[in-house]
Amino acid sequence: MHKKVKVIPCSGIGKVYGLMAREAALKTVHELCPEKSETVCLAYIMTEDEAVRNKIEGFNCITVDGCPKMCASKNVSWIGGRVIDEMKVLDTVKEHKGKKFGSATTLDADGYVVVDEIADKIVKKIKDIIKEKL
Amino acid sequence: MSETTFMGVERDKIDWKPTIDYTKCDYCLECVKFCPHKVFEVRENDEIQLIVKNPNNCVVFCRACSKICGPDALSFPDKSATTQRIKEIRKEENND
Amino acid sequence: MIENYAILPCNGLDKCAGAISRETAIKLCENAKNEIICPVFYRVAEAKYNKIAGEHPLLVIDGCQTRCASKLATEKNLKVSKKITITEEAKIHNIELKSNLRLLKNENALIEIILNGLNSAEEKAASSSDKTNASYNFEYETYQKDKFLFRVPKNPEIYFNENDCWAYVIGNRARIGVTDFVQQNLSDILYFTPPEIGAEIEQFGEVGEIESSKSVIDIISPVSGKVVSINETLIEKPELINENPYELGWIAELELTDFDSDKELLVGFDKYFEIMKKKLEDLNA
Amino acid sequence: MDELKVGVISCSGEECLGGTISRLATRKVLEELSFVSTVTLCLPLYLAGGKEERDFAKVFPTIAVDGCDKLCAKRSTEKYSGKINGSVDVSKIIGNENALNTDTVLIKDLTEEHLQMVDKVASEIIKAISAINPDSYSGKTFGGCSCGS
């Protein structure tokens, strides 16, 4: 039995991409891969509380970032999580040129198309990580 | 609202604005949605539903709206002629 | 050729990629004057390596995606000039890495390919960059609106047009780009279409296009001239324009044709800073 | 009187409903509130050392919105920018049980009942903003902005 992979999105509040990161990560841990993955509050991690340190230090993590500032990845590495993969929402967004995705509050249909694609990519990465460990 | 001079020349003296070719325009209004400077105006009840309402709001040398125009109905003056004209006006004004 | 670099390899011993990273670093030092930073020793001999890293451009060689070497560089606040990841290189060159820690034929072949690639990229960069590529020494004035910061470089060699593009002029060349006003307004830039190398551009002509999900804009050249190089990195990483449109986010370099005449319609820092502030105020109205 | 400008920094916690509600309520205030100009500060960026976010929180009044009683947004803001001018704890408004609900976190799963919680929290944020004395910050306004994040 191995430990669950942590999937941690930035949830950036200013742009639609932050919401897309959040929905994709949460869809993964709640609907697609609940047995193999879970999330940890990014803001909680950064409090450095003992309880949350134990949840993240040395664990395999996949971060999902909405913008190139890569806050989820930076924060998770800073606290000592092992960032195995850093997903960038914009990489998938770029494949959907000209589409409208919604706002930082709600997503349009095309927003969910991209979220689903990102979630599928995260699932693949989780499976890769778990395979490697076997 | 937008700047009243460009390179020290009164905006009004510079001829830079889109011209709509009504034989091509299909009133998709993408240009209206696109331009943040309110250069265009929609007139729903008129026969000609789209006009260049505020030519002086148009950013000199910007042709971005023409690129998003599907039927290619928007055109702009020649850039180098415009540059030349701005230089001339500046000279004239300096001599005054 | 890679020379005068500080090299920080991952040196990891739990994967083949780590061993390759180590060997690549050693080879780079055998063939030219470069210095290795030992990631293990760095933990105890910080002062020594900080000095080396401070005096030379830094090449980071990561073995795998965990990127321990990069992380070490970030932790120590080092400025990374070049970066490669062995597993990525292996993928690109179709070489499968196994779990062996000794280097065999495949691994040595990969090292050769990587060394050649690094050296030729360096030569290409050296030949395409002229004086304009010298290290930046821009000093910025910043205007804050809400939480957003708008920087404008103050160097006298930098000229602006009222279309929010700049030209850094040295000799008969200019490097051009957009200002913070453009990148902040566009927000995350997703696509960059460069101008063609060799294209003759008139003043206020278009030198490429940048696009975000909000809008698309033409880059309007402050100067006339021939495009001699473009910032190729932007094709893969247009976000560098958001990060700093004056340095890593530059657009293209032009060989000037008539700068004396172009200058008439350009402004320096003082004037542009005022123009930009006014534009930002108008956005409210 | 100068327009009042206030930063709102929300937890967006990923583990439970409280985070989803705090994020949405903050967005709602940003989008619908007109008598003051609110600027949402991005907490992850703020934590990662983002200069724009930290500088803003130092100069302007800032309100933290937290999804649960761990108060991560409040604690972090105090840590990096000094004091905060208001704090909203979602778990106090919708109850601990709701806030710590780990089953519903995706916005697509929210029900009418959850959206009512969002409204309730939004009105508490507005109350906290209203409680700030605008006079103490006059002269430090820049006006609304249509660009950027």
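Q: Leaving out residues up to four places away in sequence, what does A:Met20 touch?
A: This is a predicted model. In it, A:Met20 touches A:Gly66, A:Val89, A:Phe101 and A:Leu107, and also A:Gly111, A:Val114, A:Val115 and A:Ile118, with residues up to four places away in sequence not counted.

Q: And which residues touch the most other members of the largest nonpolar core?
A: A:Met20, A:Val64 and D:Ile125 do, in a core of 148 residues.

Q: Which helix gives the most to this core?
A: Helix α1 of chain A, residues 16-32, with nine residues.

Q: What other core lies apart from it?
A: There's another one of 30 residues, and C:Ala19, C:Ala53, C:Leu97 and C:Leu118 are among them.

Q: OK, chain C then. What's the strand order in the open sheet of four strands?
A: The order is β2-β1-β3-β4 in chain C, and the pairing is parallel. β2 (35-36) and β4 (80-85) of chain C are the edge strands: each has a single partner strand, so one side of each has no neighbour in the sheet.

Q: Which helix packs on that sheet?
A: Helix α1 of chain C, residues 16-31, which touches β1, β2 and β3 (58-62) of chain C. The direction of α1(C) makes about 165° with that of β1(C).

Q: Back to the strands: how many bridges join β1 and β2(C)?
A: Two, in the parallel sense, with β1 of chain C covering residues 6-9. As for partners, C:Ala6 is bridged to C:Glu35 in β2(C).

Q: Switching to the contact with chain B. How many residues of chain C are in contact with it?
A: 15 residues of chain C, against 16 residues of chain B. On the chain C side, β13 (216-220) and α11 (269-284) are the elements that give two or more residues. The largest share comes from β13(C), with four residues.

Q: What classes of residue make up that side of chain C?
A: Six are nonpolar, three polar and six charged.

Q: Last one, chain D. Which residues of helix α4 are buried?
A: In α4 of chain D, residues 72-81, the buried ones are D:Cys72, D:Ala73, D:Lys74, D:Ser76, D:Thr77 and D:Ser81.

Q: What do those buried residues of α4(D) pack against?
A: Part of it is in another chain: α2 (42-45) of chain A. In chain D they pack against β1 (5-10), α2 (43-47), α3 (51-59), β3 (62-66) and β4 (86-89).

Q: And what follows α4(D)?
A: D:Gly82, with a positive phi near 90°.

Notes: Residues are numbered from 1 along each chain as its sequence is written. Chains are lettered from A and ligands numbered from 1 in the order in which they are written. This is a predicted model: local features need pLDDT of at least 70, side-chain atom pairs count only at pLDDT 80 or more; totals for chains, interfaces and linings use all residues. Two strands pair if DSSP finds at least two bridges between them. Two residues are in contact if their C-beta atoms, placed from the backbone, lie within 7 Å. Axes are lines fitted to C-alpha atoms, for helices over the stretch in contact, and angles run from 0 to 180 degrees between N-to-C directions. Ala, Val, Leu, Ile, Met, Phe, Trp, Tyr, Cys and Pro count as nonpolar, Asp, Glu, Lys and Arg as charged, and the others, Gly among them, as polar. A nonpolar core is a set of buried Ala, Val, Leu, Ile, Met, Phe, Trp, Tyr and Cys residues joined through C-beta atoms within 7 Å. A residue is buried if 20 or more other C-beta atoms lie within 10 Å of its own, exposed if 12 or fewer, and partly exposed in between; C-beta atoms are placed from the backbone.
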